[in-house]
Amino acid sequence: MKIATMRSEPTPHDAVALERACLCARVAADHKARDIVVLDMRGITPLYDYFVLATGGSRRQIHTLAEEIDAALHAEGEKRLGIEGYAASRWVVQDYGDVVVHIFDAETRRYYALEDLWADAVKVDWERV
């Protein structure tokens, strides 16, 4: 039984969510994150539209990435709905409703391997959007 639904026609909301996800990826790149990936989750789950995955090299960098991404989205009128993992700083998850940002240290990212778990998701070429 499949729960997720496929959308056939892009909506203005889809375009905004994609822009926000790509903004997160660009902010992460500007702050030297590694292995940045944007996954299109729309055909897989109805819970969110995009995952943004990034790797930070230290606790300080992970905090900076989380804070700068939040500031960029806040400037665009987005409100963070939740954040987890900030204190431990191995995997920080920020929920913006249609976009979920995951910032990992390298070991934790390898361990959870979200790209493998969600291998059916299409990777977005965020540098060209």
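Modeller: Trp91, Phe104, Tyr111 and Tyr112 are joined into a cluster by ring pairs. Rings of Phe, Tyr and Trp (its six-membered ring) count as a pair if their centres lie within 6.5 Å. This is a predicted model, where local features need pLDDT of at least 70, side-chain atom pairs count only at pLDDT 80 or more, and totals for chains, interfaces and linings use all residues. Residues are numbered from 1 along each chain as its sequence is written, and side-chain values use heavy atoms, with hydrogens and water left out.

Biologist: How many aromatic pairs does the structure hold?

Modeller: There are 5 aromatic pairs.

Biologist: Why is the pair of Trp91 and Tyr112 called tilted?

Modeller: Because the ring planes of Trp91 and Tyr112 are at 45°, with the centres 4.6 Å apart. Planes under 30 degrees apart count as stacked, over 60 as edge-to-face and the rest as tilted.

Biologist: Where in the chain are Trp91 and Tyr112?

Modeller: Trp91 is in strand S4 (residues 91-95) and Tyr112 in helix H3 (residues 106-112), so the pair links distant parts of the chain, 21 residues apart. Helices (H or I, at least four residues) and strands (E, at least two) are DSSP runs, numbered from the N terminus.

Biologist: Switching to cysteines, how many disulfides?

Modeller: The count is 0 disulfides, a disulfide being a pair of cysteine sulfur atoms within 2.5 Å. The closest cysteine sulfur to that of Cys22 is in Cys24, 9.0 Å away, which is too far for a bond.

Biologist: Is Cys22 buried or exposed?

Modeller: Cys22 is buried, at 0% relative accessibility. Buried means under 20% relative accessible area, exposed over 50%, partly exposed in between (1.4 Å probe, protein chains only). Cys24 is buried too, at 1%.
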